[in-house]
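Dear colleague,

I am passing a structure on to you, together with some notes on what came out of it. Please have a look at it before reading on.

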Amino acid sequence: ADDVRIALVVKALGIGFFEAANEGAQEAAKELGNVEIIYTGPTDTTAEGQIEVINALIAQQVDAIAISSNDTDALVPALKRAMQRGITVISWDSGVAPEGRQLHLNPSSNPLIGNMIIKLAADHLPDGGEVALLSATTTSTNQNIWMEEMNKVMGEYAGIEVVATVYGDDLADKSYREATGLMQTYPDLDAIIAPTSVGIVAAAQAVVDAGKVGQVNVTGLGLPSEMAGAIESGASKSFAIWNPIDLGYSATMLAYELSQNGVKAAPGAEIPMGRMGALTLDDNNEGAMADPFVYDASNIDDFKSIF
Amino acid sequence: MKRYIPLREAILGAAILTLTLLVASRFPGFIAPSNLANVFNDTAPLIILALGQMVVILTRCIDLSVAANLALTGMAVAMINVALPGLPIPVILTIAVLMGAFMGAINGLLVWKLSIPPIVVTLGTMTIFRGIIFLISDGKWVNSHEMSPAFTGFPRTVLLGLPVLSWVAILTVIVFGIMMARTQSGRSIFAVGGNPHAAVYTGIDVGKTQFWAFVASGALAGLTGYLWVARYAVAYVDIAGGFELEVVAACVIGGISIAGGIGTVGGAVLGAIFLGIVKNALPVVDISPFWQLAISGSAILIAVAFNARSGRNKGRVILKSAEATQ
Amino acid sequence: MMTQPAPITQDVTPVVSMDMITKSFPGVKALDQVKLDLYPGQVTALVGENGAGKSTTVKILTGIYRTDGGTIRIDGNPVTFASPNDAATAGITAIHQETVLFDELSVAENIYIGHAPRTRFGLIDTAQMHRDAADLLTEIGAPFSSHTQLDDLGIANKHLVAIARALSVDARVVIMDEPTAALSHKEIEELYELVDTLKAQGKAILFISHKFDEIFRIADRYTVFRDGGFVGDGLIADISENDLVKMMVGRSVEQIFPDRKHDVGEEVLKVVGYDHPTEFSDIGFSLKRGEILGIYGLVGAGRSEFMQALFGITKPSKGVCQMDGVIKIIRSPAQAVENGIVYVPEDRGKQGAVIGLPIFQNITLPSLSRTSKRGFLRLAEEFKLAREYAERLDLRAASLDQDIGNLSGGNQQKVVIAKWLATQPKVIILDEPTKGIDIGSKAAVHEFMAELAAQGLSVIMVSSEIPEIIGMSDRVIVMRDGLIAAELSRGELSPETLVRYAAGITQSTEGAAS
Amino acid sequence: MMDTPTTRHIPDRLNSRAARIFKSWEALLLAVAIAIFVVNSFASPYFLNAWNLSDATFNFTEKAMIAFAMALLIIAGEIDLSVASIIALASTAMGLAMQHGAGTPELVIIGITVGLLCGAFNGFFVTVLGLPSIVVTIGTMSLFRGISYIILGDGSFSGYPSSFAWFGQGYIYWVFTVEMLLFVIIAVIYGVLLHKTNFGRAVYAIGNNPTGALFSGIRVQRVKFILFLLTGLMSGIAAICLTSRLGSTRPSIASGMELEVVTMVVLGGVNILGGSGTIPGVVIAAFVMGLVTFGLGLLNVPGLVMSIFIGLLLIGVIALPRLWTMVAQRPKA
Ligand SMILES: Nc1ncnc2c1ncn2[C@@H]1O[C@H](COP(=O)(O)OP(=O)(O)OP(=O)(O)O)[C@@H](O)[C@H]1O
Ligand SMILES: Nc1ncnc2c1ncn2[C@@H]1O[C@H](COP(=O)(O)OP(=O)(O)OP(=O)(O)O)[C@@H](O)[C@H]1O
Ligand SMILES: [Mg+2]
Ligand SMILES: [Mg+2]
């Protein structure tokens, strides 16, 4: 029989995080035996680019699409069409609106992440202090949700004050400039929280260049391979991320279950995802994979060559 | 009657000064010398590229491929650095300049030998260069920890209080200043843009001059490519995406006429600095960064409208009575 | 003859000698095995009709074009010019027919671009350059500084810069391609003196001109080309003006103007009080049916500017225009055409012809409302209209959908005239209709003009040529510095009167006004 | 000359219609399009499928709508680089209106109005103030999108009425989409406008010689202003389609589209310096670009690699004929 073709659609090609997810997907494919992974995505992080990719995938009549989306709403019509043509659609990492997918796999639960990013900063500021947020684009779905969740728990971190939120658009130079701007505007800044792998690296570089290592702690979500230098220089004391390999692996497993084993995605359902256990869906057909994992000087060397 | 050129620059300079003082009135820290040095350093790549673009625009061409050239060179030298971490920086610099110049030469040759309009050529090479970055890098990033400390350290090494990046920009300004004002090639560039037909009669090869303009712009883009990647310590496909328009905007704001032949080094530099200040001031004065795009757009419109006004109506005056009142 | 020619003997060896020179452009053989010799200390006039190949020869001698065949010798040694720089090195310099200068650069830079003095470091020595330029300008009597931006100079002064540029290289051969076409009376005299100086310095001069009085005044020798071929050469002293014209055209040309009845009809156009802030003031006149109104003045007198105001291009600050007694507001050429006023501009390439469009589309461009139906084109109608007028004007073209750019200048002019006749105008303005046109075609244009007038069309003819003005006009308006200096009836016309009013020299006391 | 009664006859045309068509750019481009179609059919088994081909048209329909107006503008010697930003602004305006309860008809009117206003704004700077259009529209390109950013910031609009989805997602009949129908209608309108009307003739005349056109009684500035209006209008219509297709508005919508539109126009044989070009050429170019991107998409070739093909195509189709004539003329010299 022909291979089962599962398309892993990412926000943009060439981002380390997604490359790692692809590794996980390949691992799942090997485990399942008859699966071919089509790893694809636009070359820049736009919804229009993803729609063209989706159209091409629909045309190829792939069996399943697992997508990390650039836009919650804009992809819905295209993905709906995919489902009408009998293609299984799930989203992972960065979700699409419920009507555009069968289920959504969160890397972790949003409240956990929201709490984690502020906790990472607060842990190093026992006496409180000023922190600023350096996010991705203004339209990034998950960053916005995490920041919202973070705001909900702010009360538990007395003395920590969020002084500003800026956007680096997931561009290294813009993030760098925004980080530099933050340090100039708020000379007493104690930490920069960047819940994005591009922003956190740029912010760490900006802190090093401004000679503020030790004064400003950069934390947030990043990849060990990219953050190894920042941990070493001390610009970042710790950061968190979930394991993208596991994420790609789980997404592939879920897509396979839905498309080949007749599993229905419905609230409350428990869907197996190989070595990662099972995903429990909530009322929105969403589920969380695992807790984010914290990296610091003690463990970074074990992970920096993996992803 | 038509000595407007210094006036135009004086006005732009005044605008920059006013802007700076306005920001400083709310945030005195902005005009601290260290911060101004920072702003200048931040603007250095734009200044360097604007000078290259200026030369191209003066010859009645336009180079939309500078940002893609920058990104490709940046990626290439980053990958070279990863592969051969021991390669000394002068060698890297040479490679960057030569690579950039080579890409500029491709543009130049298509314009010179095949007479394809520059906007078409560079629109094409812009996408081709970006595509090639994707091909050679496989879309992957080169991250700071993969680069050698010497590689990332060079542009930020501080000499006499300023980082090398700033010094490179200053040096470029001086070299171009002398070249445009006091050398045969500089004058040829003005001549070719001012009146290509007459240039031929004067023994200046129009196509060849345009070719060299593209080479110069390419070489500067290559140089900036290395500096950019080293400064931000990261290389990926999309770096400096859309930067070509910012470069053109800097030239336009600086009074470089898109029709060729008119413009000065000072204008291009001031245009770049103006944009640099706007960009750096917005986060400081707490205007949402979302305003930046609209502000630079308006600046361009005001600048061209103003430049056109001052250049307008230098027709002859026939009436003796009118001449007296001039 | 005012200048005493240097003693001429046949055994002087030429500095430059062109032989069997051939040059083709796609579709035209511009030069076919021509020869031309230039002698030291002598002025050689090169004469020929439009398109005879004169300027092409100049461009070959200055290294702008390469020959397809033939040899150029300098002092008897064959040379090849690969670029304008080679020709300059060989000591050949030229004042070209078109002004080829740079508006954005200073006068000194214009003079020295390409060969500016250098400092020890190889940089341009600006101070030295300005000193040298100032010397040159004084020498040719130019009344402006070397620091002036070229843009600020008038056309005649620009021409002086071109002359200075030609003199800035230490040349042995100086070429002047219609140098007097853009100059006024006084400057022309100065140019003649300059030519004498150059002759005295032993330089060989090639002088191209359509003006025969000029040729007979300053040339020592002549060479005649016809249709890209060599016809003959010799000493000016040995030939009469009539014979030279005959050699040039290949037949004898009657240099008399067509006979016309000068009875004119009722008033068609009346212009009152046209004013413009800088260009002209208080212009008023009336024009009758079938009349040819000549407008005379020195170059730069504001004639074209006023005509363009009448045609709706330049906006006058005040003034009224009446057609057949009805006041019309003309704010654009489109309105002028609607009211029956059309304008054949001076600058044919830029303003007259739409190069790139085929002939028939050029002709129907202002008449589209008649050939089309509710805004939709009807090609058959267009061809019909275009053919009618093309044939009436005896246009020489391969087909009606040929690009107008491929036509010779004279034929382009015919298309422009056809374009306006097709609109069935009441008033036609012809701005320098014979400028740069050779003797043969000139007569044809004059005849045609007379015929239009006879058919009841009113003609306004702007011209800087006194014989043309006197020969053709029923009435003449002389303009000076943007004002009407005089209005003269046919009986009052004489060259002296015209020049006097145009230059502002009156017998009365106001003579010193300018 | 008038007294010679023998009038010479000048033929209307030298080349027959067939010869002209055969030698035209459009013929060359059509050959390229057919070649790509054939190659695609062999390269991917999924290519020859009505639904897939229908989906593929979305790759170019919206861009092509703008490209038609842009073609006229470029032929007249001007350019509008702000079209993608007009889409962003029009889409943002529609989003705002939608939030205030506007229904589908109002949204359409608003999209079109904003497009026209933006076009008028560009037109004002170019025709009234006499500024070069490339600079003006580089400025408005930042300005229009900048306004979208100021309004939307980090937000986005979604939740357009379901009837609004018709424009970008609806089908007329079987695989034929609403956008395809719009594309065809607009192509025909612009084809007729450019090639069959006095207005079209004026556009060509202006592009070849604006001064000459003015001196021939054409209202040059008015024509140019109308062309900017039309380009704005088309951008407004494209904004309606794109917004409807995406079902949401973000300020980054359609970014970079202006260059694709210009590429399409130039590929279609329109001289970037003005004066020549045809609508059929642009139509074929739209298909060529759509076929290339879709064909490569089926092979899962990343977008940036596709852009290498587009870039090469753009330079190649212009360079090859010139290289050819250069080589052909060499032996003669
Ligand atoms: N660059 C060119 N391309 C094509 N044809 C040309 C070119 N230059 C000149 N010709 C043609 O060559 C012929 C000779 O032109 P040339 O300019 O030498 O004439 P001329 O004798 O100077 O005329 P005039 O008295 O009008 O200045 C003309 O038929 C002209 O159309
Ligand atoms: N300073 C100048 N710069 C550029 N062109 C000029 C200048 N002065 C005159 N000209 C050009 O020289 C020509 C003659 O000038 P203008 O038309 O003003 O004179 P006129 O008396 O109105 O007309 P004509 O030249 O027909 O006698 C025109 O083509 C004009 O454009
Ligand atoms: Mg000539
Ligand atoms: Mg005139």
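This is a predicted model: local features need pLDDT of at least 70, side-chain atom pairs count only at pLDDT 80 or more; totals for chains, interfaces and linings use all residues.

To begin with the metal, the magnesium ion (ligand 4) is coordinated by C:Ser304 through OG and by C:Glu346 through OE, at 1.8 to 2.2 Å. These two residues come from distant parts of the chain, 42 residues apart: C:Ser304 sits in helix 9 (residues 303-310) of chain C, whereas C:Glu346 lies in the loop between strand 16 (341-344) and helix 11 (348-352) of chain C. C:Ser304 counts as buried because its relative accessible area is 15%, under the cut-off of 20%, while C:Glu346, at 31%, is partly exposed.

Turning to the interface of chain D and chain B, the contact takes 42 residues from chain D and 40 residues from chain B, and the area buried between the two is about 3,400 Å², with carbon and sulfur atoms giving 88% of it. Across this interface the rule finds zero salt bridges, although three residue pairs are in polar contact, both residues being at pLDDT 80 or more. On the side of chain D that touches chain B, helix 6 (104-128), helix 7 (133-152), helix 13 (257-267) and helix 15 (303-329) each supply at least two residues, and helix 7 of chain D gives the most, with 14 residues.

With best regards

Definitions and conventions:
Residues are numbered from 1 along each chain as its sequence is written. Chains are lettered from A and ligands numbered from 1 in the order in which they are written. Side-chain values use heavy atoms; hydrogens and water are left out. Donors are N, O and S atoms within 2.8 Å of the metal (3.2 Å for Na, K and Ca); water is not among the atoms, so sites may look incomplete. Helices (H or I, at least four residues) and strands (E, at least two) are DSSP runs, numbered from the N terminus. Buried means under 20% relative accessible area, exposed over 50%, partly exposed in between (1.4 Å probe, protein chains only). Contact means heavy atoms within 4.5 Å. Buried area is the accessible area (1.4 Å probe) that two parts lose on being put together, summed over both. A salt bridge is a side-chain nitrogen of Lys or Arg within 4 Å of a carboxyl oxygen of Asp or Glu. A polar contact is a pair of N or O atoms within 3.5 Å; within protein, one must be able to donate a hydrogen and the other to accept it, and residues adjacent in sequence count only if both atoms are side-chain atoms.
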